[in-house]
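Visitor: Could you walk me through how to read a model like this one?
Guide: Gladly; let us look at it together.

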Amino acid sequence: MIDTYFGLFGLLGGLIIGLSGLYWGNKLAGKKRGLDERHHLIRTKAKSSSWIITLAAVYVLFAVAILNPGVSLAFVLAMIILVQLGSWCCFLFYYQTKY
């Protein structure tokens with residue numbers, strides 16, 4: 001039972017830390033004029049490219065979950081979120097060097 005409490009604490013703590021980092025990062029970037037059209041173009045392209053990779057990962061991972069009953073749904077969902085965030089990060093770096 002205590003593991004559940006630590007898990008919920010970590011989930012909520014991560015959410016709070018992530019949102020506060022997003023807030024302060026945007027605030028500092030706005031002061032340094034970092035939120036321009038180039039910034040929005042890179043973020044939009046990275047998100048759309050990342051969703052294409054995630055869609056392919058969803059099909060592959062759910063096919064694996066159907067064919068192999070030993071694979072849990074929690075594992076599949078964790079892999080999907082890792083693919084989403086990892087591909088988004090990679091595309092951000094790619095589009096920042098491209099533009």
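Visitor: Which ground rules apply before we start?
Guide: This is a predicted model, so local features need pLDDT of at least 70 and side-chain atom pairs count only at pLDDT 80 or more, while totals for chains, interfaces and linings use all residues. Residues are numbered from 1 along each chain as its sequence is written, and side-chain values use heavy atoms, with hydrogens and water left out.

Visitor: How do I read a helix label and an exposure label?
Guide: Helices (H or I, at least four residues) are DSSP runs, numbered from the N terminus. For exposure, buried means under 20% relative accessible area, exposed means over 50%, and partly exposed lies in between, with a 1.4 Å probe and protein chains only. Take Y5, which lies in helix α1 (residues 2-31); its relative accessibility is 51%, so Y5 counts as exposed. In helix α3 you can compare several cases. F93 lies there and is exposed, because its relative accessible area is 53%. I81 is also found in α3, but I81 is partly exposed at 46%.

Visitor: Which residues form the nonpolar patch on the surface?
Guide: First the rule: patches are made of residues with over 30% relative accessible area and no salt bridge, with like charges joined within 9 Å and nonpolar side chains (Val, Leu, Ile, Met, Phe, Trp, Tyr) within 5 Å. A salt bridge here is a side-chain nitrogen of Lys or Arg within 4 Å of a carboxyl oxygen of Asp or Glu. Areas come from the Shrake-Rupley method with a 1.4 Å probe, and for residues only the protein chains shown count as cover. In this model M1, I2, Y5 and F6 form such a patch, with about 530 Å² of accessible area together.

Visitor: How many aromatic pairs are there?
Guide: Rings of Phe, Tyr and Trp (its six-membered ring) pair if their centres lie within 6.5 Å; planes under 30 degrees apart count as stacked, over 60 as edge-to-face and the rest as tilted. By this rule the count is four aromatic pairs. One of them joins F91 and Y95, a stacked pair at 6.1 Å centre to centre with 25 degrees between the planes. Both residues lie in helix α3 (residues 73-98), four residues apart, about one turn of the helix. F91 is partly exposed at 22%, whereas Y95 is buried at 11%. Y95 also pairs with Y94: the centres are 5.1 Å apart and the planes are at 65 degrees, so this pair is edge-to-face. Y94 is partly exposed, at 43%. Ring pairs link F91, Y94, Y95 and Y99 into a cluster.

Visitor: What lines the largest pocket?
Guide: Rolling a probe the size of a water molecule over the atoms shows where empty space is left. On a 1 Å grid over the protein atoms alone, a pocket is an open set of points with protein on both sides within 12 Å along at least five of seven lines, and lining residues have an atom within 4 Å of a point. Here the lining consists of L22, G25, N26, A29, G34, L35, H39, H40, R43, T44, K47 and W88. Helices α1 and α2 (37-67) each supply at least two of the lining residues, and α2 gives the largest share, five residues.

Definitions and conventions: 1 Å grid on protein atoms, 1.4 Å probe; cavity = no way out; pocket = protein on both sides within 12 Å on 5 of 7 lines; lining within 4 Å.
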